[in-house]
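Have the sequence and the 3D view at hand as you read.

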Amino acid sequence: MEENKEAYWQENLRLIFICLAIWFVVSFGLGLLLVEPLNEFRLGGYKLGFWFAQQGSIYSFLGLIFWYGTKMNKLDKKYHAES
Amino acid sequence: MNKHTKMAFVVAPFLAIFGFIGADLYEENKADDNKIVQLVPEGHCDITNKSCVLLSGEFKINVSDEAGVTEVNSTFPLDSATLFLVDKSDKMTPYPLGMKKSPYYWRSNTPLGGLLANQVDSYKLRLIIKIKGGQYIGEFYTQTVQ
């Protein structure tokens with residue numbers, strides 16, 4: 001039982017770190033650090049770096065929320081932790 | 001919507017706020033670095049006829065002269081602006097411009113009106129502008145065409 005809890009928590013932490021890494025790459029990496037090279041390309045009439053800073057990062061955050069929810073749901077079922 | 005999705009929705013705004021603060025600090029730090037950017041005239045420059053625009057990306061500076069007062073109008077607020085009149089022997093005379101009502105408008109009395117009174121009169125000018133530690137420098141000729 002204790003081992004199950006530990007494994008559940010470790011997998012949860014893994015998901016959280018993946019989410020935080022994507023959050024950092026999308027917001028800071030694509031929206032700030034790589035903004036100049038990305039601005040060479042265009043998406044929907046906007047410079048790509050600008051688009052990531054303004055809209056792309058928000059879309060990614062929303063996607064992350066639902067991805068995390070789905071993955072955690074599966075994790076709950078796997079470890080019978082619905083309650 | 002399961003409890004994890006709800007929790008993620010609660011946490012997400014805090015991450016967005018941290019991201020905003022981090023981005024703001026990063027940009028402020030970057031802006032503090034001393035950098036020198038060149039201003040380039042957009043076409044022919046004639047300050048007595050209010051037709052002189054200097055460019056650097058989205059940053060635009062309009063230089064004009066009327067009744068002995070030379071005025072600089074910019075698209076972004078400036079920290080300071082100095083105009084240099086450069087004579088034929090390359091001797092510079094500085095004219096620090098004073099703010100007029102807002103940091104978008106700067107002016108100073110200069111003898112440019114007299115120096116450019118006749119058609120085809122031209123004069124070499126240098127403009128140094130400071131914004132948040134960065135410097136914009138432009139060297140250009142103004143020539144009266146009318």
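Start at B:Leu127: leaving aside residues up to four places away in sequence, B:Leu127 touches B:Leu39, B:Leu54, B:Val63, B:Ala81, B:Leu83 and B:Gly138. Touching, or being in contact, means that the C-beta atoms of two residues, placed from the backbone, lie within 7 Å. A word on what you are looking at: this is a predicted model, in which local features need pLDDT of at least 70 and side-chain atom pairs count only at pLDDT 80 or more, while totals for chains, interfaces and linings use all residues. Residues are numbered from 1 along each chain as its sequence is written, and chains are lettered from A and ligands numbered from 1 in the order in which they are written.

B:Leu127 belongs to the largest nonpolar core, which has 20 residues; B:Leu127 is one of those that touch the most other members, together with B:Ile61, B:Val63, B:Val72, B:Ala81, B:Leu97 and B:Ile129. A nonpolar core here is a set of buried Ala, Val, Leu, Ile, Met, Phe, Trp, Tyr and Cys residues joined through C-beta atoms within 7 Å. A second, separate core of 12 residues includes A:Trp23, A:Ala53, A:Phe61 and A:Met72.

Now for the strands themselves. Chain B has 2 helices and 10 strands, where helices (H or I, at least four residues) and strands (E, at least two) are DSSP runs numbered from the N terminus. Along the sequence they follow the pattern α-β-β-β-β-β-β-β-β-α-β-β.

Follow the pairing from β9 (residues 122-131) of chain B, which runs antiparallel to β10(B) and is joined to it by 10 bridges. There, B:Leu125 has B:Phe140 as its bridge partner. On to β1 (residues 36-41) of chain B, which runs parallel to β10 (residues 134-143) of chain B, with 4 bridges between them. B:Leu39 is partnered with B:Gly138 in β10(B), and B:Val37 stands opposite B:Tyr136. β1(B) also runs antiparallel to β2 (residues 53-56) of chain B, through 2 bridges, and B:Pro41 has B:Leu54 as its bridge partner.

Technical notes:
Two strands pair if DSSP finds at least two bridges between them. A residue is buried if 20 or more other C-beta atoms lie within 10 Å of its own, exposed if 12 or fewer, and partly exposed in between; C-beta atoms are placed from the backbone.
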